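Look at the model below with its strands and aromatic side chains in view. The text then goes through the sheet and the rings in turn.

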Amino acid sequence: MKTLKVTSISLIIITYLTSCNYYDFDLNSNYPEELINVWVASYEESPEIFRPSDYKEFPVSHFRQVYVFKKSNECEYLVSSPVDAHYLDKGFWEYIKEDHLIKIYNSQQKLIKEFKVKNYSSELLQLKQIR
């Protein structure tokens with residue numbers, strides 16, 4: 001009886017831990033180091049251009065998209081709010097080298113954005129939104 005109780009508790013704990021795993025889907029972690037940065041839309045140059053947050057002082061804007069690409073495929077992205085209460089949401093990202101794509105997933109692992117990477121360097125990220 002005691003063994004059954006311990007086994008049951010162990011199974012419950014294992015089920016809980018695996019169901020709460022934040023990284024339970026495979027992402028391509030083969031990304032260029034230049035992409036690890038805080039990227040800010042520089043739409044005064046072009047709607048497709050993003051620059052590092054410390055590149056320049058950006059003009060005041062109602063909404064300026066921001067993507068934070070971190071190591072370990074974690075990311076944050078600015079979400080536009082209808083009441084101007086914009087906020088950063090957390091999710092995941094991956095870079096598909098063969099297709100030159102960046103895919104962004106929300107925290108529930110749903111694909112929310114997809115971009116074709118047209119050009120990148122440590123000071124420039126040029127993206128064409130696909131999704």
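What follows describes the strand arrangement, then the aromatic contacts.

This is a predicted model, in which local features need pLDDT of at least 70 and side-chain atom pairs count only at pLDDT 80 or more, while totals for chains, interfaces and linings use all residues. Residues are numbered from 1 along each chain as its sequence is written, and side-chain values use heavy atoms, with hydrogens and water left out.

Eight strands form a closed barrel in the order S1-S2-S8-S7-S6-S5-S4-S3, with antiparallel pairing. Strands are DSSP runs (E, at least two residues), numbered from the N terminus, and two of them pair if DSSP finds at least two bridges between them. On average, neighbouring strands of this sheet are turned by 35° against each other, direction ignored; the axes behind this angle are lines fitted to C-alpha atoms, and angles run from 0 to 180 degrees between N-to-C directions.

Strand S1 (residues 37–41) pairs with strand S2 (residues 49–52) in the antiparallel sense over three bridges, and Ala-41 has Phe-50 in S2 as its bridge partner. Strand S4 (residues 74–79) runs antiparallel to S5 and is joined to S5 by six bridges. Here Glu-74 has Phe-92 in S5 as its bridge partner. S5 also pairs with strand S6 (residues 101–106), antiparallel and over six bridges, with Glu-94 opposite Lys-103 in S6. S5 and S6 form a hairpin with four residues between them, and His-100 in the turn has a positive phi of about 55°.

The aromatic rings come next. Rings of Phe, Tyr and Trp (its six-membered ring) pair if their centres lie within 6.5 Å; planes under 30 degrees apart count as stacked, over 60 as edge-to-face and the rest as tilted. By this rule there are six aromatic pairs. Tyr-67 and Phe-69 are stacked, because their ring centres are 6.1 Å apart and their planes are at 5°. Both Tyr-67 and Phe-69 are buried (under 20% relative accessible area; exposed is over 50% and partly exposed in between, with a 1.4 Å probe and protein chains only).

Tyr-95 and Tyr-120 form an edge-to-face pair, 6.4 Å centre to centre with 75° between the planes. Tyr-95 lies in strand S5 (residues 87–96) and Tyr-120 in strand S7 (residues 111–121), so this pair ties together parts that are 25 residues apart in sequence. Tyr-95 counts as buried at 3% relative accessibility, whereas Tyr-120 is partly exposed at 30%.

Tyr-31, Phe-50, Tyr-67, Phe-69, Trp-93 and Phe-115 form one aromatic cluster.
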